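Student: I'm new to this one and a bit lost. Could you pick a single spot, look at it closely, and then lead me on from there?

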Amino acid sequence: MGKPTGFLEYDRKENACIQPLDRIKNFNEFHTVLNEEQRRLQGARCMNCGVPFCQSAMELSGKVTGCPLHNLIPEWNDEIYNGNYQHALARLLKTNPFPEFTGRVCPALCEKACINGVHDDPVTCHDNELFIIETAYANNWMKPNIPIIRSDKKVAVIGAGPSGLACAHDLNKRGHHVTVYERDNRAGGLLMYGIPNMKLDKQYIKRRIDILEQEGITFKYNMNVGVDITKEDLLKEYDAIVLCVGSKQPRDLNGQGRDTKGIYFAVDYLTQATKNLLDDTKCISAKDKHVVIVGGGDTGNDCVGTAIRQGCKSVTQIEMMPKAPDTRLESNPWPEWPNICKTDYGQQESIALFKKDPRIYESTITEFILKKDKLTAVKVGKVTFKDRKLSIVEDSQTTIPCDLLLIAAGFTGIESYVKDSFGLETSPRNTILTSANSYHTKQDKIFTAGDAHRGQSLVVWAIHEGKDAAREVDEYLMQYTNIE
């Protein structure tokens, strides 16, 4: 695949980034793209490895490496190298309906499993994927694919996040009549309101939604299922219901003063920031504030980048876990997921602007400090874990100025009103319960997919779940399925 000796001849070259101090001036995407000749050479680096781990999605040591969608990566890398971009597009869309999303926000599980990564740098699968789909749009190859034959079956998909969109896409392509209910004013779920614009420009979501609508999918916005429309109403109208409602119940912090002004969940902060950008609405602003973020993951990093763009005075990111090593340990060999420290775009921007990494490791907030019922600072203490119990190290507490505290500590499953309105059984992780290897709940006609079923995860896993659920729904409706 690619050029047999390409990995020996050409070095890895990623899409470049605009310098941090320049890109923080706006919320625009900040990656620049390689020219066509350079991209073809990157495709040439895909070696004829025989067993392509990049498309395997294997679980090793508790973490998955390789693409959950089983993208045909060696095939479309070969087509890139040979300049056959329409063939590359056909191979890409065979497994992934939304490469313009994953090509921007996926952490590239494929690259972590690339065999070139054993002794050298892996192939730029992530950037190659984005090149294919954006080339397709630029050349007007992405046209609505309207089903020729329609069934008489009607399906309601609840939630327009990546799992709901993937499920709706495949069921509509099969010929069923699909209606997507979304409680927000736009489709996309966390793609729209959880991921900042500089990582995923919202014009690209609208571009894809326009095609889905032209293909026959109906979207109903500002419709909160379980509040504005009941389960019973849906069961009367539809032959199947797929709950793709996400895992949106945020994990909270405890402590005296938690309810004071100035403490918010990260998802609310990021949602308001995007709505402000798109609709010029009011938002929680970090301008001229000392910002503290609880959580060291992607969402915490997104809060760092957003706060900097809003003009914060300082930003600190509290991480409970210890800092990961900078390079792979011998105990973490390829092709396992590399457990190494990643300095993401938000942290890079903090280093450039404030001259320091915002992260404080092995720490947690122990006290909110208020002045006239207003948050002014927080106390942070070092933590240790013994017998899986957390304790604060004695005399380790320090005080950090804080006008705005953002909680990005993850999620604890589906929201309670969804569970109650549908009478759902849930797992110990508060996800919607199904039988093993199935998306069908114990209730007839009702299925689930995405974070609501799997728990909070990656966009690529949400798409995988939506596609698999669509296949099971189709078999339920038709007694067989030809959805791939």
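Tutor: Let's begin with Asn140, which is partly exposed, at a relative accessible area of 46%. Here buried means under 20% relative accessible area, exposed means over 50%, and partly exposed is what lies in between, using a 1.4 Å probe and protein chains only. Before going on, bear in mind that this is a predicted model, where local features need pLDDT of at least 70, side-chain atom pairs count only at pLDDT 80 or more, and totals for chains, interfaces and linings use all residues. Residues are numbered from 1 along each chain as its sequence is written, and side-chain values use heavy atoms, with hydrogens and water left out.

Back to our residue. Asn140 sits in the loop between α8 and β3 (154-158). Those labels come from DSSP runs numbered from the N terminus: helices are H or I with at least four residues, strands are E with at least two. What sets the backbone of Asn140 apart is a positive phi, near 60°, in a residue other than glycine. Most residues other than glycine have a negative phi, and most peptide bonds are trans. Asn222 is a residue with a positive phi too, about 55°, although it is not a glycine. Look for Asn222 in the loop between β5 (218-220) and α12 (231-237). As for the peptide bonds, a cis one joins Trp334 and Pro335, with omega about 5°, and Pro335 belongs to the loop between β9 (314-318) and α15.

Asn128 counts as buried, at 0% relative accessibility. What does Asn128 touch, leaving aside neighbours within four places in sequence? Its contacts are Arg39, Gln42, Gly43, Trp76, Asn77, Ile80 and Val123, where contact means heavy atoms within 4.5 Å.

Some other buried residues are worth a visit. Ser350, in helix α15 (residues 345-354), is buried at 0% relative accessibility. Not counting residues up to four places away in sequence, Ser350 touches Val304, Ile308, Val315, Lys355, Lys356 and Pro358. Val64, in strand β2 (residues 63-65), has a relative accessible area of 17%, so Val64 is buried. Although Val64 and Trp337 are 273 residues apart along the chain, their C-alpha atoms are separated by 6.7 Å. Trp337 is one of the residues that Val64 touches, along with Ala57, Met58, Glu59, Leu109 and Trp461, again skipping those up to four places away.

From Ile463 to Asn26 is 437 residues in sequence and 30 Å in space, C-alpha to C-alpha. Apart from neighbours within four places in sequence, Ile463 is in contact with Leu69, Asn96, Pro97, Phe98, Thr102, Pro162 and Ala166.

How many aromatic pairs does a search of the whole structure find? There are seven. Rings of Phe, Tyr and Trp (its six-membered ring) pair if their centres lie within 6.5 Å; planes under 30 degrees apart count as stacked, over 60 as edge-to-face, and the rest as tilted. Phe98 and Phe101 make a tilted pair, 5.4 Å centre to centre with 35° between the planes. Phe98 is buried at 0%, and Phe101 is buried at 1%. Phe219 and Tyr221, by contrast, are stacked, because their planes are at 10°, with ring centres 6.0 Å apart. In that pair Phe219 is buried at 11%, whereas Tyr221 is partly exposed at 26%.

Last stop: two packed helices. Such a pair is described by the angle between the axes and the distance between the axes. For α13 (residues 266-279) and α14 (residues 298-310), these are about 45° and 10 Å. The axes are lines fitted to C-alpha atoms, for helices over the stretch in contact, and angles run from 0 to 180 degrees between N-to-C directions. The two helices are therefore oblique to each other: under 35 degrees would count as roughly parallel, over 145 as roughly antiparallel, 65 to 115 as roughly perpendicular, and the rest is oblique. On the α13 side, Ala266, Tyr269, Leu270 and Ala273 make the contact, meeting Thr299, Asp302, Cys303, Thr306, Ala307 and Gln310 of α14.
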